[in-house]
Amino acid sequence: MVTDNIIAVYCNHIDEKRHVGIPKHIINRLSVAGELYKRLVESHADESSIKVMLFGSKSAIEMCSNATSMNVSKRECNSIAEMARIIIDSIKGINHDDNDVVRVYFVLSDWQWVYIEPLLRLKDSSTRFFFEGAVDERNTQDINAERRLESIVNVKGKKGLNSLIDKVMNTLASDMKG
């Protein structure tokens with residue numbers, strides 16, 4: 001099976017312990033993921049080329065997987081940066097032709113795009129990263145509390161990382177030079 005499209009939905013939320021059900025901003029992300037899935041199914045003949053992945057704490061992804069009708073895979077993680085690392089590692093394991101392009105759609109709250117911005121700027125012929133923003137209607141205090149827990153995807157060029165990370169670094173370096 002060739003996976004051409006990965007829909008990555010971030011399900012973590014800061015008020016997990018005090019919140020009984022799924023918070024509205026997470027439901028909005030699931031809704032955006034559902035609409036994106038429908039859009040991709042309509043544009044591709046083979047549904048098996050679309051993989052939906054839920055990321056977050058064990059309890060958050062269990063609640064979200066029960067709330068959606070999509071066939072999903074679940075991966076535990078604590079941050080958006082960790083989610084991005086897991087996705088990049090899974091892309092390395094995908095068998096695809098040289099002509100195939102893997103498209104990764106990050107489904108996050110509308111203000112969280114800044115955390116994956118280095119990936120969105122990547123100019124790579126085999127992988128493309130996209131952002132799908134969902135409305136986050138929480139108050140400013142709750143959003144700022146969550147902001148303090150996240151960090152921008154780190155794309156250091158450590159020894160042993162695949163060429164994808166090297167391409168990100170080269171893109172950032174060339175953009176910084178002007």
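Cysteines to begin with. I take a disulfide to be a pair of cysteine sulfur atoms within 2.5 Å. By this rule I count zero disulfides. How far is the sulfur of Cys11 from the closest cysteine sulfur? I get 3.6 Å, to Cys64, which is too far for a bond. Cys64 is in no disulfide either, its nearest cysteine sulfur being that of Cys11. For burial I use relative accessible area with a 1.4 Å probe and protein chains only: buried is under 20%, exposed is over 50%, partly exposed is in between. Cys11 counts as buried at 0%, and Cys64 counts as buried at 2%.

Note on what I am looking at. This is a predicted model, in which local features need pLDDT of at least 70 and side-chain atom pairs count only at pLDDT 80 or more, while totals for chains, interfaces and linings use all residues. Residues are numbered from 1 along each chain as its sequence is written, and side-chain values use heavy atoms, with hydrogens and water left out.

Sheet next. Helices (H or I, at least four residues) and strands (E, at least two) are DSSP runs, numbered from the N terminus. Two strands pair if DSSP finds at least two bridges between them. I find an open sheet of five strands in the order S3-S2-S1-S4-S5, paired in parallel. Which strands are at the edge? S3 and S5, as each pairs on one side only. On average, neighbouring strands of this sheet are turned by 25 degrees against each other, direction ignored. Ile7 has Val52 in S2 as its bridge partner.

Now the helices. My angles run from 0 to 180 degrees between N-to-C directions, with axes as lines fitted to C-alpha atoms, for helices over the stretch in contact; contact means heavy atoms within 4.5 Å. H1 lies across S1, S2, S4 (102-109) and S5, at about 170 degrees to S1. H2 lies across S2 and S3, at about 165 degrees to S3.

Which residues of H2 (58-67) are buried? Ala60, Ile61, Cys64 and Ser65. Seen down the axis of H2, they fall within an arc of 125 degrees (directions from the helix axis to the C-beta atoms), so they line one face of the helix. They pack against H1 (24-43), S2 (50-56) and S3 (72-76). Lys58 and Asn66, on the other side of H2, are exposed.

Rings last. Rings of Phe, Tyr and Trp (its six-membered ring) pair if their centres lie within 6.5 Å; planes under 30 degrees apart are stacked, over 60 edge-to-face, the rest tilted. I have three aromatic pairs. Tyr105 and Phe130 have ring centres 5.1 Å apart and planes at 20 degrees, so I log them as stacked. Tyr105 sits in S4 and Phe130 in S5, 25 residues apart. Tyr105 is buried at 10%, whereas Phe130 is partly exposed at 31%. Phe106 and Phe129 are stacked too, with centres 6.0 Å apart and planes at 20 degrees. That pair also links S4 and S5, 23 residues apart. Phe106 and Phe129 are buried.

Buried or exposed? Glu132 is buried, at 18%. Not counting residues up to four places away in sequence, its contacts include Arg39, Tyr105 and Phe106.
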